[in-house]
Amino acid sequence: MTSPTSRRGFLAASAAVAGTMAASSVISAAPAPRDGPQGMKLILPPHLSERAFTRGLSAFAGVVGREWVLDTDMDRHTYLDAYAPGDAEAHAPSAAVAPGSVGELQALVRLANEHRLPLWPISRGKNLGYGGSAPCMPGTVIVDLGRLNKVLELNEELAYCVLEPGVGFFQLYDEIKARNLDLQMGIPGNAWGSVIGNALERGFSQAGDHSANICGMEVVLPDGSLVRTGMGAMGNNATGPLFRHGFGPSWDQMFVQSNFGIVTQMGLWLKPAPQSVISVGIKLPRPEDVGRWTDIVTPLRLAGVLEGNLSVTSYQASATLRTERSEWYSGRDALPDSVVARIMSRYDVGWWNGTLRLSGYAEVNEANLKIIQKAFNALPQAQLTVSRWHQGEPGSGVPAPSVLPLQIVNWHGGRGGHLGFSPILPAGGSRVIEQLARTRQRYREFGIDYSGTFYHSGRSVSNVNLMIYNRDDADLTARTRALFSALVKDAAAAGYAEYRTHLSYMDEVAATFDHNDHALWRLHGRVKDALDPNGILAPGKSGIWPQGYRDRRQA
Ligand SMILES: Cc1cc2nc3c(=O)[nH]c(=O)nc-3n(C[C@H](O)[C@H](O)[C@H](O)COP(=O)(O)OP(=O)(O)OC[C@H]3O[C@@H](n4cnc5c(N)ncnc54)[C@H](O)[C@@H]3O)c2cc1C
């Protein structure tokens with residue numbers, strides 16, 4: 001992942017999905033896209049004439065140079081949502097612009113105010129499953145921060161880094177290796193994206209919630225001014241990436257999943273590489289075993305025997321990664337139990353499969369392993385497999401980035417995509433079982449194959465429910481969208497909400513936060529209007545609409 005120096009190189013390394021998925025047959029096997037680059041119509045921002053729009057882009061070119069204003073049909077196509085569950089043009093950008101410095105970005109934001117051009121920042125734009133590189137409001141101009149891709153600090157002694165937004169997981173991993181540093185970082189299942197973009201979306205991995213590792217930011221506000229948060233707000237203070245707060249209020253989380261600023265630098269905490277790792281693979285044979293699993297791991301997680309996100313994933317993950325559905329079943333309904341049994345038998349997996357990772361000092365890991373094994377005596381049907389790694393042995397004790405999981409979207413053939421519905425539940429077995437039963441019933445009703453994971457983080461559990469589709473199968477995508485909306489409603493009725501969602505569902509999910517007549521979203525709106533009176537920054541992000549576009553809210 002080298003630094004792109006030409007516009008062509010930049011495009012190849014940036015948001016484009018087609019043609020770059022070397023590890024996946026997803027795109028190469030796909031039929032010619034219907035929303036292909038030729039003749040992709042220009043969708044203008046609301047209330048703006050084509051002349052005014054062109055004048056705005058010319059002003060942008062005066063700042064970044066003509067080659068970094070990306071406004072051809074091909075460019076617009078590049079920044080569409082590659083996994084759109086329906087019409088990708090519902091979130092079509094009008095153009096993209098790629099600043100080469102923070103100063104250029106500030107100038108662009110000021111011009112955007114002057115020309116009333118709405119902007120949508122992306123770091124690497126790989127937010128696949130949540131909208132990819134596309135904006136919420138059609139006609140918005142993408143601000144691609146891929147050219148700001150420097151690792152500004154990488155500190156082994158205190159285990160942290162300071163990054164620019166274009167730094168990807170592969171780049172950071174490679175830099176840690178190249179400098180031979182004993183550090184590890186949390187890496188999402190799809191590691192193609194940016195470390196900052198992922199943290200700003202509250203991305204996660206086995207290591208836990210990545211936004212929880214944020215420590216200090218530099219941000220361009222919607223008026224183009226620049227601010228540093230926390231201790232970094234003091235010009236010569238070196239503790240910005242070390243101490244979470246400064247003096248007075250803390251602002252970092254205000255820029256997470258919001259449209260209040262464009263983050264140009266972030267401090268992030270890493271972890272020392274472990275001396276030893278014990279991996280405990282766990283197979284659970286029956287769907288209802290996930291309840292006992294939850295009740296066993298909750299006290300272990302709260303007591304610190306286990307750390308990070310503890311996940312169990314349903315059987316289907318083994319099949320979707322390696323095969324296509326047509327190999328197993330041709331019905332339009334959800335996979336029947338007989339096929340589920342065949343999948344479990346072929347891959348020798350349980351209905352649920354998890355890995356508990358003990359990472360750190362060997363003596364502590366061995367002691368914690370004994371505690372875990374004893375706790376699982378309460379679930380005799382669980383099959384545990386233990387493997388060990390010690391520093392100096394072949395292999396590595398730290399997770400490595402991969403894009404292999406992207407293959408799952410090939411399940412139905414054609415141009416694949418997926419959505420994930422992820423409500424947050426209390427960490428209690430009976431609540432988890434109720435959620436599972438309700439969700440599986442809905443999947444059956446809409447004829448969608450169930451694929452779920454429970455990520456346990458101590459007091460709460462995030463239940464990621466995947467829905468995979470072929471974008472060219474209109475009936476399947478329509479059923480998927482209907483299932484998604486039904487799940488939002490069911491969860492809300494049970495008192496649960498999602499922690500993150502796709503562009504098309506931001507208003508729907510935001511509307512479920514209804515305490516005191518949606519007081520929290522009214523507060524977001526007031527902050528938005530105070531900081532961004534012209535509404536130029538990411539209108540609609542997380543259901544936060546500025547006053548000028550508030551009539552576009554969809555729920
Ligand atoms: C098969 C598969 C597996 C996946 N597994 C995981 C997983 O395990 N964990 C996980 O978290 N995700 C996962 N994802 C989702 C997604 O691919 C990753 O989260 C990815 O890291 C997000 O893309 P990105 O990092 O390039 O962020 P971007 O797309 O660059 O940014 C995401 C959003 O954050 C905002 N944003 C970005 N940069 C800025 C900025 N500088 N200032 C202000 N706002 C900004 C924008 O709204 C943007 O749309 C998976 C996806 C797939 C397809």
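Which helices and strands each supply at least two residues of the shell around the ligand? The elements that do so are β3 (119-122), α6 (195-200), β8 (204-205) and β12, where helices (H or I, at least four residues) and strands (E, at least two) are DSSP runs, numbered from the N terminus. This is a predicted model, in which local features need pLDDT of at least 70 and side-chain atom pairs count only at pLDDT 80 or more, while totals for chains, interfaces and linings use all residues. Residues are numbered from 1 along each chain as its sequence is written.

**The ligand shell**

The ligand is surrounded by 32 residues, of which the closest are Pro-188, Gly-189, Gly-193, Gly-197 and Gly-203; a residue is near a molecule if its C-beta atom, placed from the backbone, lies within 6 Å of it. Helix α6 gives the most to this shell, with 4 residues. By class, the shell holds 15 nonpolar, 13 polar and 4 charged residues, where Ala, Val, Leu, Ile, Met, Phe, Trp, Tyr, Cys and Pro count as nonpolar, Asp, Glu, Lys and Arg as charged, and the others, Gly among them, as polar. At least three residues of the shell come from each of domain 1 (7-144) and domain 2 (151-272).

**The domains**

Besides these two, the domain assignment, which is automatic or taken from a database, gives the protein chain domain 3 (276-397 + 423-497) and domain 4 (507-552). The C-alpha centres of domain 2 and domain 4 lie 25 Å apart. Their contact takes 6 residues from domain 2 and 10 residues from domain 4, two residues being in contact if their C-beta atoms, placed from the backbone, lie within 7 Å. On the side of domain 2 that touches domain 4 there are 3 nonpolar and 3 polar residues, and no charged residues.

**The sheet**

An open sheet is formed by 5 strands in the order β5-β6-β12-β10-β11, with antiparallel pairing; two strands pair if DSSP finds at least two bridges between them. Because β5 (151-155) and β11 (226-228) stand at the edges with a single partner strand each, one side of each is left without a neighbour in the sheet. The table sets out the two pairings of β10 (residues 214-220).

Strands β10 and β11 form a hairpin with 5 residues between them, and Gly-224 in the turn has a positive phi of about 95 degrees. Of the 7 residues of β10, 7 are buried, so this strand is largely enclosed by the rest of the structure; a residue is buried if 20 or more other C-beta atoms lie within 10 Å of its own, exposed if 12 or fewer, and partly exposed in between, with C-beta atoms placed from the backbone.

**Leu-183**

Leu-183 has its place in strand β7 (residues 183-184). This residue counts as buried because it has 21 C-beta neighbours inside 10 Å. Not counting residues up to four places away in sequence, Leu-183 touches Glu-156, Ala-159, Ile-176, Leu-270, Pro-272 and Ala-273. Leu-183 and Gly-447, in turn, are 264 residues apart in sequence and 45 Å apart in space, C-alpha to C-alpha.
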